[in-house]
Amino acid sequence: MLLELKHLYIKLNDKKILDDFSLTIQPGEVHVIMGPNGTGKSTLSKVIMNHPAYHLEQGDIVWNGKSILSMSTDERAKLGIFLAMQDPLTIEGVSNSEFLRTALSEKEGKTVGIFEFLQEMNQAIQDLKMSDDMLHRSINQGFSGGERKKNEILQMKLLKPQLILLDEIDSGLDVDSLKIVCENINQYLNENPQASLLIITHYPRILDYIKPDYVHIMKDGKIQKTGDLSLAYEIEKTGYHGINDVSELASHE
Ligand SMILES: Nc1ncnc2c1ncn2[C@@H]1O[C@H](COP(=O)(O)OP(=O)(O)O)[C@@H](O)[C@H]1O
Ligand SMILES: [Mg+2]
């Protein structure tokens, strides 16, 4: 088992956001979590990365059989967990290339050679059809919504994670950019068959390009239903309101 999320509970402003949330991901699997706005999908991704504003009340996060609850965000990133955030941060005064070379050196535990690094970064920029000046610009400063999303995938390509979490990577991307981004993700998965992917979305458009093994519907703080791709298209037709809390259903029986 690569990642086990076990009975996670989190409250924000006294509101239960994750309420006994569990999910298991094996190496090489592609999972999708769909759910209405405000269900806690982004919260889940931040909890996995140990974002300082999101403290678990209960539950455990297990990576390759070991609890990582006490690990910092940096330590989790070094394990090979990568989060492409729904709203990527802008960092003034730090260039994309500087940031990435540092992050990569940290992850590999040695300084990555500048020429080797630049070659790889240039290749990734070409693959993503980004403009060359992205190398030298401050992280995400003045980037369009689509450029920010591509920049997240650029980081993914260089950092070579074992688990990729994509939080609404499809929002803000036009049709052509979404296609390019998905081609890059698929290529990465083909080249790294042990890598796993968790796509978080409220819209099944991305699933035209990336084929999931499992589709989960999240509502009221947990996964209510799991199926295959057909479940995602069913939701597109019927909406989320037909999905009921499984524990409530059980209690009515
Ligand atoms: N830092 C925070 N402080 C307080 N409430 C928050 C915070 N982050 C998210 N929330 C609330 O938690 C709920 C879930 O948010 P989020 O995880 O972003 O949902 P989703 O990504 O599914 O749309 C929302 O009601 C949101 O307002
Ligand atoms: Mg969100």
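Setting aside neighbours within four places in sequence, Ile164 is in contact with Phe82, Met156, Ala195 and Leu197, contact here being C-beta atoms, placed from the backbone, within 7 Å. This is a predicted model, where local features need pLDDT of at least 70, side-chain atom pairs count only at pLDDT 80 or more, and totals for chains, interfaces and linings use all residues. Residues are numbered from 1 along each chain as its sequence is written, with chains lettered from A and ligands numbered from 1 in the order in which they are written.

Ile164 also turns up, with Met34 and Leu165, among the residues with the most contacts inside the largest nonpolar core, a set of 55 residues. Such a core joins buried Ala, Val, Leu, Ile, Met, Phe, Trp, Tyr and Cys residues through C-beta atoms within 7 Å; buried means 20 or more other C-beta atoms within 10 Å of a residue's own. Domain 1 (1-80 + 163-175 + 198-253) and domain 2 (89-161) both contribute residues, so this core lies between them. The domain bounds come from an automatic or database assignment.

As for the two domains, their C-alpha centres sit 27 Å apart. Their contact draws 8 residues from domain 1 and 8 residues from domain 2. On the domain 1 side, 4 are nonpolar, 2 polar and 2 charged, with Ala, Val, Leu, Ile, Met, Phe, Trp, Tyr, Cys and Pro counted as nonpolar, Asp, Glu, Lys and Arg as charged, and the others, Gly among them, as polar.

Around ligand 1, the shell splits into 3 nonpolar, 8 polar and 1 charged residues. Helix 1 (residues 41-49) gives the most to that shell, with 3 residues; helices are DSSP runs (H or I, at least four residues) numbered from the N terminus.

Notes: A residue is buried if 20 or more other C-beta atoms lie within 10 Å of its own, exposed if 12 or fewer, and partly exposed in between; C-beta atoms are placed from the backbone. Two residues are in contact if their C-beta atoms, placed from the backbone, lie within 7 Å. Helices (H or I, at least four residues) and strands (E, at least two) are DSSP runs, numbered from the N terminus.
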